[in-house]
Each structure stands twice: as structure tokens, then as C-alpha cells.
Amino acid sequence: MTNIVNFDNFHSFRGGAKEEFIRSAVWIAPGGRMVKARIELFAIRPEEGPRIGLEFHVNHDEDGDGRRDSVAIWHDPSSHPF
């Protein structure tokens, strides 16, 4: 499942993700924007053993033309674009 939060706090979803399971806020901060998100875990019980995958992609439009020029990725070793 994929939850996407953009710089205007607009959400989009893929793979069965649902809007009711994420809450977020985005605001302008020194040097860029800050994103705060809460994701409700509904498919597992929090207990020792199960693993939860989590990764972050931050797209950057350096020249202001509305298209991604670079991306910073935490965890995804393939660096694949969306």
C-alpha cells in the first residue's frame, strides 16, 4: 500500500491504501517544508516479530518547471521513480 502526501498536504493512494488511515500536516519551515504524518496500523497487532516496511521519497523540482529533477530516498535501494 502506498500513501502519498504532497507539499500542499494533498493525499493520493495506491495498492489498497485508504484515506481514513492517514492524517498529515505540511507547513513551511526554514529551508523548506515539514511533513508530519500519522499512519494507522489496522492489519497487524503491535507485537514482537512482525516487520513493517517504511520508506520515504522526497521529490525536488530545482528549476521550477513542475517536473521532478531529483529525488532523495530513504531505504529503497533500487532508487526507482514512481
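Ser 24 sits in strand 3, which spans residues 22-29. The model is a predicted one. With a relative accessibility of 18%, Ser 24 counts as buried, because the cut-off for that class is under 20%. Its side chain takes part in two polar contacts that can be described in turn: the side chain of Asn 9 is reached at 2.5 Å, and the side chain of His 11 at 2.6 Å. When neighbours within four places in sequence are set aside, the residues in contact with Ser 24 are Val 5, Asn 9, His 11, Lys 36 and Ala 37.

Along the sequence the pattern reads β-β-β-β-β-β. Of the 82 residues, 10% count as buried, and Ser 24 is one of the buried residues. The protein exposes about 7,000 Å², with carbon and sulfur atoms supplying 54% of that area. Among contacts with a separation of 6 or more, 7% are between residues 24 or more positions apart.

Next come strands 5 and 6. The loop between strand 5 (56-60) and strand 6 (70-74) contains Asp 61. Asp 61 has a relative accessible area of 26% and is therefore partly exposed. A polar atom of the Asp 61 side chain lies 2.9 Å from the backbone nitrogen of Gly 64. Beyond the neighbours within four places in sequence, Asp 61 is in contact with Gly 66, Arg 67 and Asp 69. Between Asp 61 and Val 71 there are 8.9 Å in space, C-alpha to C-alpha, for a separation of ten residues in sequence.

How many aromatic pairs does the model have? The count is one. The ring centres of Phe 56 and Trp 74 are 5.8 Å apart and the planes meet at 50 degrees, so the pair is tilted. The class follows because planes under 30 degrees apart count as stacked and those over 60 as edge-to-face, with the rest tilted. Phe 56 lies in strand 5 and Trp 74 in strand 6, 18 residues apart, and the pair links distant parts of the chain. Are these two residues buried or partly exposed? Phe 56 has 47% relative accessibility and counts as partly exposed. Trp 74, with a relative accessible area of 49%, is partly exposed.

Methods. Residues are numbered from 1 along each chain as its sequence is written. This is a predicted model: local features need pLDDT of at least 70, side-chain atom pairs count only at pLDDT 80 or more; totals for chains, interfaces and linings use all residues. Side-chain values use heavy atoms; hydrogens and water are left out. Helices (H or I, at least four residues) and strands (E, at least two) are DSSP runs, numbered from the N terminus. Buried means under 20% relative accessible area, exposed over 50%, partly exposed in between (1.4 Å probe, protein chains only). Contact means heavy atoms within 4.5 Å. A polar contact is a pair of N or O atoms within 3.5 Å; within protein, one must be able to donate a hydrogen and the other to accept it, and residues adjacent in sequence count only if both atoms are side-chain atoms. Rings of Phe, Tyr and Trp (its six-membered ring) pair if their centres lie within 6.5 Å; planes under 30 degrees apart count as stacked, over 60 as edge-to-face and the rest as tilted. Accessible areas come from the Shrake-Rupley method with a 1.4 Å probe; for residues, only the protein chains shown count as cover.
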